[in-house]
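Hi,

Here is the structure I promised to pass on. Have a look at it first, and my notes on the aromatic rings and the nonpolar cores follow below.

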Amino acid sequence: MSAPAVTRLVEADWRVFATLRLRALTDTLGTGDRQYLEELAFTAAQWRRRLRAHAQFALLSGDELVGLIGAQRQSPDVVYLYSLWLEPGMRGRGLGRDLVIAAVDWARGHRARVVTLRVDADNATARGVYEQLGFGVVEGTTGPREARANEVTMSLSVG
Ligand SMILES: CC(C)(COP(=O)(O)OP(=O)(O)OC[C@H]1O[C@@H](n2cnc3c(N)ncnc32)[C@H](O)[C@@H]1OP(=O)(O)O)[C@@H](O)C(=O)NCCC(=O)NCCS
């Protein structure tokens, strides 16, 4: 089988995107989480809108989607990355890095100057992925959604 590859999802992919996104939220936050319950109730139009508004990169292994990262413009200069996730069985092979690289390349292509994200301070694996790519912890919080407890902001200059 060929190596897993990153692909950008388009609006027509909304059904597989919805399944993948809910799978990621279930795995990371659990089915009682407010964000999971909110997105569980999304209509087709809402999933389509999400795919139009934000770039979603998925990891394709064979014919299965096994990883995801979202990227959205926070301002003309800043792109915010969110929800990096890999199926547990796909972890430990550096594939998270491929997803982040795709999102950062997309930000560069859209002339962003800074890529930013939030990560749980104790999430050493995710922090390791971001640090290897040059992200550093910065003061303050950023991002379109309310910060969760214990999150740090990381950013990378790309301009
Ligand atoms: C975060 C996640 C995508 C990373 O998965 P991954 O690409 O399989 O990560 P890997 O285990 O291959 O580690 C990648 C790199 O991070 C570094 N790293 C891993 N664990 C680390 C640790 N505990 N401390 C420091 N660095 C670490 C390593 O340097 C590794 O590089 P290497 O390939 O040179 O060894 C995956 O763990 C995941 O889906 N976690 C659940 C969701 C999540 O936490 N998302 C982050 C939201 S911000």
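**Rings and cores**

Ring pairs join Phe17, Phe42 and Trp47 into a cluster. Before you read on, keep in mind that this is a predicted model.

The count of aromatic pairs comes to four. Take Phe17 and Trp47: their ring centres are 5.5 Å apart and the planes sit at 90 degrees, so this pair is edge-to-face, given that anything over 60 degrees gets that label. The pair also ties together distant parts of the chain, with Phe17 in helix H1 (residues 14-29) and Trp47 in helix H3 (residues 44-53), 30 residues apart. Are these two buried or exposed? Both Phe17 and Trp47 are buried.

Now for the cores. The largest nonpolar core has 30 residues, and the members that touch the most others are Phe57, Leu81, Val100, Val104, Tyr130 and Phe135. Several elements supply at least two residues each, among them strands E2 (55-61), E3 (64-73) and E4 (78-86), as well as helix H5 (124-132). Which element gives the most to this core? That's H4, with eight residues.

As background, nonpolar side chains in soluble globular proteins tend to be buried together.

Cheers

Definitions and conventions: Residues numbered from 1 in each chain as written. Predicted model: local features only at pLDDT ≥ 70, side-chain atom pairs only at ≥ 80, totals over all residues. Heavy atoms only, no water. Phe/Tyr/Trp six-rings, centres within 6.5 Å; stacked < 30°, edge-to-face > 60°. Helix = DSSP H or I, 4+ residues; strand = E, 2+ residues; numbered from the N terminus. Buried < 20%, exposed > 50% of the residue type's maximum accessible area, 1.4 Å probe, protein only. Core = buried A, V, L, I, M, F, W, Y, C linked by side-chain atoms within 4.5 Å.
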